Amino acid sequence: MTAYHAIEITLTRPATDSELHRARRVAALASSTDRTRLLTVRRAKTPGRALQTLRRRLAGELPIDVLTTLYPDQQGCVLLNFTLSHAARTTIRQAAAACGQRPRDFLRQTVIDAVARHKEDRARRLATQMEGLLTQHTPEELLLCAADSLLIHHNRRPGGKPSSAHS
């Protein structure tokens, strides 16, 4: 069955007017205000095929860095499509062989592990900062301050201005 797949295109630099114009002849695109991220929907049998065909069709039109599916698959993963240099592919093949894995499996696990480490590092830094704040403030003060900050952040419009409901 052919389905539609939402895809985010991350560019290496902002797209020019002419690049966007040419690319929009190939695919319907919505762009971010800074023109470094684009969204589209592609019809394909699989998300991977949607990414591959989109990259192939837009390769000469835009400075594409990474293509990403917007929604997780059945295993809870988003798919990435990016190009690697010959040297990077060789290094990955060698590392995968040393671990007895296929290169794609090795790369997938390496990315999953890196994301998990990044999340753990952020949580550890936040906990350390909170511990430091608790030496100077009560838990109640921190909770009140955090709640105020979150409410202010939540009520801001994208342009950084307070919404009319909070003014």
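These legends describe close-up views of one predicted model.

Residues are numbered from 1 along each chain as its sequence is written. Because the model is predicted, local features need pLDDT of at least 70 and side-chain atom pairs count only at pLDDT 80 or more, while totals for chains, interfaces and linings use all residues; side-chain values use heavy atoms, with hydrogens and water left out.

**View 1. The largest nonpolar core.**
This core has 18 residues. I9, L58 and L62 have the most contacts inside it. A nonpolar core is a set of buried Ala, Val, Leu, Ile, Met, Phe, Trp, Tyr and Cys residues joined through side-chain atoms within 4.5 Å. At least two core residues come from each of β1 (3-11), α1 (17-26), β3 (37-44), α2 (47-58) and β4 (64-69). The largest share, 4 residues, belongs to α2. Helices (H or I, at least four residues) and strands (E, at least two) are DSSP runs, numbered from the N terminus. In soluble globular proteins, nonpolar side chains tend to be buried together.

**View 2. L62 and L20.**
L62 touches L11, A15, E19, L20, A23, L29 and L38, not counting residues up to four places away in sequence. Contact means heavy atoms within 4.5 Å. L20 lies in helix α1. Is L20 buried or exposed? L20 counts as buried because its relative accessibility is 3%. The cut-offs are under 20% relative accessible area for buried, over 50% for exposed, and in between for partly exposed (1.4 Å probe, protein chains only). With residues up to four places away in sequence left out, L20 touches A15, S31, R35, L38 and L62. L20 and A44 are 24 residues apart in sequence, and their C-alpha atoms are 23 Å apart in space.

**View 3. The loop between β2 and β3.**
R35 is found in this loop. Its phi is near 60°, a positive value in a residue other than glycine. R35 is partly exposed, with a relative accessible area of 28%. T36 is also found in the loop between β2 (30-31) and β3. T36 is buried, at a relative accessible area of 18%. Which residues does T36 touch, not counting residues up to four places away in sequence? They are I9, T10, L11, R13 and P14.

**View 4. A27, between α1 and β2.**
A27 sits in the loop that runs between these two elements. A27 is buried, with a relative accessible area of 5%. Not counting residues up to four places away in sequence, A27 touches T40, R42 and L54. A27 and V115 are 88 residues apart along the chain. Their C-alpha atoms are separated by 31 Å.

**View 5. The largest pocket.**
About 1,000 Å³ of space lies in this pocket. Its lining has 24 residues. V78, L79, L80, R104 and R108 lie nearest the centre. Two or more lining residues come from each of α2, β5 (80-82), α3 (86-99) and α4 (103-134). Which element gives the largest share of the lining? That is α4, with 8 residues. By class, the lining has 13 nonpolar, 4 polar and 7 charged residues. Ala, Val, Leu, Ile, Met, Phe, Trp, Tyr, Cys and Pro count as nonpolar, Asp, Glu, Lys and Arg as charged, and the others, Gly among them, as polar. On a 1 Å grid over the protein atoms alone, a pocket is an open set of points where a 1.4 Å probe fits, with protein on both sides within 12 Å along at least five of seven lines; lining residues have an atom within 4 Å of a point. Grid points are joined across faces, edges and corners, and a volume is the space filled by probe spheres set on the points.

The structure holds 0 disulfides. A disulfide is a pair of cysteine sulfur atoms within 2.5 Å.

**View 6. S149 in helix α5.**
S149 lies in helix α5 (residues 139-154). S149 is partly exposed, with a relative accessible area of 42%. S149 and H86 are 63 residues apart in sequence and 47 Å apart in space, C-alpha to C-alpha.
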